[in-house]
Protein chains: 2
Amino acid sequence: MITCLGGGIGAARVWTALAAAASPAQLTLVVNTADDVWMHGLRICPDIDTTLYALSGRQDRERGWGVRDETFRCMDTLRSLGEEVWFNLGDRDLATHLLRTGRLRTGASLTEVTAELADRMCLAAAILPMSDTEVQTRVRIEAGGWLHYQEFLVRRGARDRVREVVWAGSEEAEPAPGVLDAIARADLVVLAPSNPVASLLPILGLPGVRKALAATAAPVVAITPVVTGVPIADPGEAMRARSRAGLLAALGRDHTATDVAAHLAGLIDAFVLDPADGNERDAIEATGVDTVVLPTLLHLTDDPALIEWLLARARGAAVPPPVAVP
Amino acid sequence: MITCLGGGIGAARVWTALAAAASPAQLTLVVNTADDVWMHGLRICPDIDTTLYALSGRQDRERGWGVRDETFRCMDTLRSLGEEVWFNLGDRDLATHLLRTGRLRTGASLTEVTAELADRMCLAAAILPMSDTEVQTRVRIEAGGWLHYQEFLVRRGARDRVREVVWAGSEEAEPAPGVLDAIARADLVVLAPSNPVASLLPILGLPGVRKALAATAAPVVAITPVVTGVPIADPGEAMRARSRAGLLAALGRDHTATDVAAHLAGLIDAFVLDPADGNERDAIEATGVDTVVLPTLLHLTDDPALIEWLLARARGAAVPPPVAVP
């Protein structure tokens, strides 16, 4: 069993490739919910939905979020009623939020409704929210005031300088049922290439998760979420990079693979570095983290090496294959 | 000022005609909310929405409910996820429910959000929910069990024999702010041609409403909601007629204008009977209710007599104009 932690577009790319290469029933995905937001009375779970849509083939790959063949008549009507709409929800996408919110309002847990949605979309992978309790990534910006992470990211385009980040509710939250067990029973634990501050740290900050990672017999590997050696053209990717950089800066870290690896040192057994940043290998190894260099940008490469290496690690192959650093 | 009580399609037809003939700012519409329903986590207010859509020209007149130029991509997607969808919400219609539910969830009252929606749709008429407290018309059917009124009507097509009707929460509910005052200050109070059991009695049953109707200096007139002398072709109209008949039967009443007038006797100063049922005039007058015969089916007639008579009554014209009974 492979247990993955994270959330977002980068994570979904790896998870989709893993599900295609392995048996999806071997996958347990523990998905960040700290950027969930209540919008128009609906519970929106962007990272869970990206996971559901990507794994079920519903995702709009060009846009990177939401559903294929989408229309936005509901949001257009909201705008025509004078409402400020900064978080676009497509008409088909809304069905997911309606189903979820209806179930939550009648007493289901987020774990239950997420499993139901995965089942309705015929997914064999186990998809777990990180917690049934609401945790919220909040960002204090230089311009003043605290923002919900989605406001910082989507509404303001991640352009603000970030002074502070907190995960409100994190200390009182419990990991969702099955999360700690999925880490304990795993053959491999993967920290997905997700925004380390917005999508990984909220999971790692839940009571018991770091302890479970330390205790599991499985190797824990992180795939770099930062590839600075490849220029970014897509505006969405650029916004997500700004967000990563801004949040890392608030933690006193640079937007580099090396700084992310240093932040995770002690938790992980190996760090997968992208060849584009291969020159950082020695710096990362110097922090005591075993480093493997493999192509990580799955939207830009057909190279199956990363997935094959992950599957090999899950089968117990201890030694990373030799990879030439360019 | 004309204060109208009721809700639904028949009511909306009269209110739209009144708003066109008088100044809409002179109208206060007290709308039934006892057939409101929570669906997919959203607060649906069918009678308020029919009012908003009809008065603002958004209504789909052929279908009788919902918005013009509508699509149903969200509901189609819910169905494709295996969800039973028996209450169809269009993509544009959903915007209303999202706006309302979002406001309610952040502490607004239904009165406040209804006023906001009316304002967003540029309506000058005052539209008041009957209550900010939830009241629910519940129906016990012969087949056994209690149903929400919408389940009886929409899901089961009003085909069940009804044993009992209750308005759950009615006795503890308060009329919404402004309702009793709108009755007290009116020049004319109109009980709209609405399902008498599902749309009128919930309003009349709120604490203080009957007393306010008895105390107001304004004449109180009811427009017949039952016209049996005109054959019904439209399936929607037929379903609504079944619903009226079934609910009236549970109160020991026949589905006739006479029985409705008898049920309202003591509350009203005049009853408007449709010429198609003109032969019931003597029977109604025998119950002590002044009866006026005027064409009431505004979707079938261009005759302005009903609206002109209402406006004349509001101006203090005490004597109904002579009308020939066919």
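A salt bridge here is a side-chain nitrogen of Lys or Arg within 4 Å of a carboxyl oxygen of Asp or Glu. B:Glu83 and A:Arg103 form one through their side chains, at 2.9 Å from N to O. The model is predicted.

**Confidence**
- The predictor assigns the complex an ipTM of 0.91 and a pTM of 0.93.
- Chain A has a mean pLDDT of 95. Of its residues, 97% reach 70 or more.

**Extent of the interface**
- On the chain B side, 27 residues are in contact with 27 residues of chain A.
- Together the two chains bury about 2,400 Å². Carbon and sulfur atoms carry 61% of that area.
- B:Arg73, B:Leu81 and B:Leu98 supply 28% of the area that chain B buries against chain A.

**Polar and charged links**
- The rule finds four salt bridges across the interface of chain B and chain A.
- Ten residue pairs are in polar contact across this interface, with both residues at pLDDT 80 or more.

**The chain B side**
- Two elements of chain B, α3 (73-80) and α4 (91-105), each give two or more residues to the side that touches chain A.
- α4(B) gives the largest share, ten residues.
- By class, the residues on this side of chain B are ten nonpolar, seven polar and ten charged.

Definitions and conventions
Residues numbered from 1 in each chain as written. Chains lettered and ligands numbered in written order. Heavy atoms only, no water. pLDDT = per-residue confidence, 0-100. Contact = heavy atoms within 4.5 Å. Buried area = accessible area lost by both parts, 1.4 Å probe. Polar contact = N/O pair within 3.5 Å; in protein donor to acceptor, adjacent residues only side chain to side chain. Helix = DSSP H or I, 4+ residues; strand = E, 2+ residues; numbered from the N terminus. Nonpolar A, V, L, I, M, F, W, Y, C, P; charged D, E, K, R; others polar.
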